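Please open the model in your viewer and keep the selection panel at hand.

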Amino acid sequence: MKHTILIIGACGQIGTELTFNLRQKYGSDKVIASDIREGSEDLMHSGPFEILDATDYDALEEVVAYYEVGEVYLMAAMLSATAEKFPERAWNLNMNSLFNVLNLGKEKKVERIFWPSSIAVFGPNTPKDQTPQHTMMEPSTVYGISKLSGERWCEYYFKKFGVDVRSVRYPGLISWKTMPGGGTTDYAVEIYHEAVAGNTFNCFLKGDTKLPMMYMEDAIRATLELMEADAEKIRIRSSYNLAAMSFTPKEIAQSIQQRFPDFKVVYEPDYRQAIADSWPNSIDDSLARKDWGWTPEFDLEKTTGEMLAHLS
Ligand SMILES: NC(=O)c1ccc[n+]([C@@H]2O[C@H](COP(=O)([O-])OP(=O)(O)OC[C@H]3O[C@@H](n4cnc5c(N)ncnc54)[C@H](O)[C@@H]3O)[C@@H](O)[C@H]2O)c1
């Protein structure tokens, strides 16, 4: 590989695992991890690391030139639950970081960009079951508005300036290496930690709130498969629907109780219930399957097995 890969927001839930995966695949020196803060010891010592603010275009340009970066994965963002508390900061971070990276593409300073969208682009008027790729959107959260706007800008930069930007709408992601960063689906990670610690889990969503979810290994594989696909196969340049499973807090609790029969959950919905209620129950990802061959491997049972095995 001639160029290197830059990951922005590498210390977060997805960035950490993405960095390890890309380093394994292309070699440690070829993958530059960066974040506005330091991350885990493992991550910091596994290859080059830079403190980098995604909203600072000059700093980004400097790192891109210094390391001869060809591909950028932009993982820095403020997530759904935190963004409701700091709307302006969320908008500034989520939009300005994207513009900076898209402009690097427009200026031909990088060749390929990955930027994640989310199921948060959908809103209360969206069909809830098997939500199609093209449908009524109208997101009602700050985060969702920023992601939908981001999708429109990605498609615009592709059509207008030929920027090779690729994106998926991640569902809620479940992983054990790094804790989630302030989203509405964080409960589905926290629940496993509490179960293994032998604690009762206070769930911030109602027991019957069904949301689309995915195990991190599937999410990373989807990301790499999309980035490796031939450009002509990628017909959606806003962001692809992506799915693996859907479940409720009650169902995840039951899957844990099969291994930990004494595990208890108390349901105490807070402000995040309204966010969850505005999102789909399940996603139709047939275009991702058709265009670049997406197939998930982890269902709820397999995810619970992996999470409990790694955390125990
Ligand atoms: N985790 C999920 O379930 C999920 C679902 C859908 C979409 N996404 C999207 O995937 C991306 C990554 O999500 P995540 O869960 O890893 O988030 P996270 O909050 O765990 O990590 C984000 C990282 O960005 C860093 N960051 C914040 N401000 C920055 C700045 N100005 N410059 C550089 N770095 C900065 C943070 O320090 C953090 O390490 C985001 O765009 C998010 O919206 C995540």
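Begin by selecting helix 7 (residues 187-197) and helix 12 (residues 300-311), which pack at an angle of about 50° with their axes 10 Å apart. Helices here are DSSP runs of H or I with at least four residues, strands are runs of E with at least two, and both are numbered from the N terminus. The axes are lines fitted to C-alpha atoms over the stretch in contact, and angles run from 0 to 180 degrees between N-to-C directions. Helix 7 is therefore oblique to helix 12, a class left over once angles under 35 degrees (roughly parallel), over 145 (roughly antiparallel) and 65 to 115 (roughly perpendicular) are set aside.

The model is predicted: local features need pLDDT of at least 70, side-chain atom pairs count only at pLDDT 80 or more, and totals for chains, interfaces and linings use all residues. Residues are numbered from 1 along each chain as its sequence is written.

Next, select the 29 residues around the ligand; Gly 9, Gly 12, Ala 76, Ala 77 and Gly 181 come nearest (C-beta atom, placed from the backbone, within 6 Å). Helix 1 (13-26) and strand 9 (172-174) each give two or more residues to this shell, and helix 1 gives the most, with 3 residues.

Now colour by domain, using bounds from an automatic or database domain assignment. Domain 1 (4-171 + 216-241) and domain 2 (172-213 + 244-311) both give residues to the shell, so the ligand lies between them.

Finally, select residues 5-232: their end C-alpha atoms lie 22 Å apart, and the span is 43% helix and 18% strand.
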